Amino acid sequence: MKQILTVANKEFHDGLRNRWLVSITLIFALLSVGLTYFGAAASGEMGITSLSTTIASLASLAVFLIPLIALLLSYDSFVGEQESGTLLLLLTYPLSKTQLLLGKFIGQGSIIALATLIGFGASAVLLYFQLEDNAIVSAFSLFILSAVLLGLSFTAISYLISLSVSEKSKAAGFALITWFLFALAFDLALLALLVGVEDGISQTGLTQLMMLNPADIFRLVNLAGLDSSDVNGALAVAINASLSQGQLITALTAWVAIPLTLAIFIFRRKKL
Amino acid sequence: MTTPIVSLTDAGKSYNKLDALQSVTMTLGEGEVLGLFGHNGAGKTTMMKLILGVISPSRGQVAVMGMAPDSKEAWHCRTKVGYLPENVSFYEQLTGLEVLTYFAKLKGFNKKQAIDLLEQVGITHAMKRQVKTYSKGMRQRLGLAQAFIGEPKLLLLDEPTVGLDPIATGDFYRTVDQLKSQGSSVILCSHVLPGVEQHIDRAMILSSGQLLAMGSLAELRHQAALPVEIKAHGLNGAIASHDHLANFISPVCSQTLNVPEAEKISVLKTLLGFDNIEDIHVESANLEQVYQHYLALHAQKQQAKGQS
């Protein structure tokens with residue numbers, strides 16, 4: 001355990017030193033405060049918009065940003081150290097591969113989690129002071145929790161990439177493709193399936209398919225409780241046959257645990 | 001000698017069909033310094049990795065301090081092993097002290113020991129600077145400090161003197177001698193070679209995964225039967241006209257004699273018998289020549305095998 005914490009501490013401080021924490025927090029805070037205030041600008045109003053509009057717009061932006069940031073932060077975790085030779089050196093230390101991986105995950109995961117908490121928490125606090133509505137607390141808690149899980153999930157996925165390739169530049173390429181697939185292509189494919197194939201898929205079937213993408217689970221978690229007028233696309237259909245929030249959060253947690261376990265498995269079998 | 005620190009019994013490693021290391025048998029005792037020589041891809045690093053337990057042998061056994069280094073039981077032994085990899089570049093954004101503290105903590109030591117080690121390798125003045133500002137020599141010293149964490153019983157150093165200036169190289173060899181006198185065993189891995197001779201007890205020569213020769217320098221020299229080089233000054237044509245000595249004249253230089261080890265003394269005696277001799281310079285084959293000899297021999301054998 002001490003070894004894991006030593007690694008985690010180092011990774012966390014790397015995140016501080018590289019200004020990752022500050023930049024991510026700032027991006028999230030600006031984005032969420034901006035959306036909270038000006039989210040309704042499109043409909044010709046100014047000032048604080050409704051809670052559901054805010055969450056809906058936050059969720060649809062976060063679903064692109066968080067995976068991208070998580071992948072950027074972690075894609076070179078292993079392949080980078082392999083290239084510089086420190087990975088081999090670390091493995092001659094009394095430090096197991098599992099400990100190293102978990103240490104990195106805790107360190108980098110904390111950066112993402114903390115940035116999400118502070119960044120989006122800021123606008124939650126702001127909104128709360130303006131509206132004094134308790135619904136804000138619960139809605140934002142759920143939003144932040146799912147956002148953290150989404151970030152952790154993509155951190156674990158980027159470890160899979162980082163452990164499977166032998167060059168940093170390849171890892172960057174794969175990270176970009178992964179992001180594109182999960183954040184954009186998957187939804188387009190679903191939509192195509194819905195529109196293109198008549199009676200091709202039931203509502204339940206669609207929801208089940210969505211479980212294959214952590215980004216979609218995140219959307220479901222946050223949009224399911226809202227007025228459907230704020231939601232469109234494939235999601236609107238899926239929401240009608242929605243799973244409970246508990247089930248969705250469990251599915252999202254699985255999307256953290258499974259890639260992480262797989263990464264440990266790959267790391268153990270990796271030749272150096 | 002009690003149980004050896006390292007012992008390899010017919011240990012080898014293959015990747016797919018490629019033999020990175022063919023069966024090697026060797027032992028390393030306490031306080032012994034072994035030089036491991038060979039070109040790139042000769043299997044030096046593979047052998048080091050086997051001893052470090054980072055990879056498992058495809059055949060044969062490896063034991064470090066009586067245990068298989070890749071096993072769970074050997075876990076605590078890792079604190080007692082120091083390793084300096086070839087071409088390692090430490091975390092550039094961290095300061096030297098931060099890097100060393102991180103590695104020290106992973107071995108169960110603290111910042112204070114890290115500072116002491118930095119002092120030992122002589123980069124205390126730069127410890128608060130980022131590693132990316134370090135020169136190659138300073139990086140190498142940092143790597144050495146890392147390998148010295150926890151006064152290891154076994155040190156594996158891959159190309160330790162690359163990038164070090166002559167003074168730092170001298171410092172480094174002094175440290176090796178000191179560690180040796182404290183009972184640490186050292187494996188020094190190197191392409192070559194000058195200066196290393198006085199500091200190693202035994203040498204091992206590898207080429208394309210094969211063990212070509214192993215033994216003390218004197219043994220290897222004897223086995224290789226390389227001639228002693230004797231240069232005599234002031235004799236002019238006297239050597240060429242001498243019946244016995246004329247046989248040994250080097251094809252390159254008429255002042256130089258290449259004499260087999262066994263004939264050395266008799267030749268020297270003859271030379272000293274000349275009245276007008278001014279100076280004599282005697283040089284036994286050095287490590288580099290021994291190394292070249294074994295490599296050439298190996299190449300000849302390979303060629304003969306290829307033809308048959």
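Two residues are in contact if their C-beta atoms, placed from the backbone, lie within 7 Å. The legends below refer to a predicted model.

**View 1. Chain B as a whole.** The C-alpha atoms of chain B fill a box of roughly 70 × 50 × 35 Å along the principal axes. Nine helices and twelve strands are assigned in chain B. Of the contacts in this chain with a separation of 6 or more, 68% are between residues 24 or more positions apart. Among the 308 residues of chain B, 39% are buried.

**View 2. The largest nonpolar core.** This core has 148 residues, and those touching the most other members are A:Phe143, B:Leu36, B:Ile51, B:Leu100, B:Leu156, B:Leu188 and B:Ile205. The element that gives the most to the core is helix α7 of chain A (residues 134-164), with 16 residues. A second core, of nine residues, is separate, and B:Val228, B:Ile230, B:Ala232 and B:Val267 are included in it.

**View 3. Surroundings of B:Ile51.** With neighbours within four places in sequence left aside, B:Ile51 is in contact with B:Val6, B:Val62, B:Val64, B:Pro69 and B:Leu156. Both B:Ile51 and B:Leu156 are listed with the members of the largest core that touch the most others.

**View 4. A three-stranded sheet in chain B.** The sheet is open, with antiparallel pairing and the order β11-β10-β12. Strands β11 (256-259) and β12 (279-283) of chain B each have a single partner strand, so one side of each is left without a neighbour in the sheet. On average, neighbouring strands of the sheet are turned by 20° against each other, direction ignored.

**View 5. Pairing of β10 and β12 in chain B.** Strand β10 (residues 228-233) runs antiparallel to β12(B) and is joined to it by five bridges. B:Lys231 has B:His281 in β12(B) as its bridge partner.

Conventions. Residues are numbered from 1 along each chain as its sequence is written. Chains are lettered from A and ligands numbered from 1 in the order in which they are written. This is a predicted model: local features need pLDDT of at least 70, side-chain atom pairs count only at pLDDT 80 or more; totals for chains, interfaces and linings use all residues. A nonpolar core is a set of buried Ala, Val, Leu, Ile, Met, Phe, Trp, Tyr and Cys residues joined through C-beta atoms within 7 Å. A residue is buried if 20 or more other C-beta atoms lie within 10 Å of its own, exposed if 12 or fewer, and partly exposed in between; C-beta atoms are placed from the backbone. Helices (H or I, at least four residues) and strands (E, at least two) are DSSP runs, numbered from the N terminus. Two strands pair if DSSP finds at least two bridges between them. Axes are lines fitted to C-alpha atoms, for helices over the stretch in contact, and angles run from 0 to 180 degrees between N-to-C directions.
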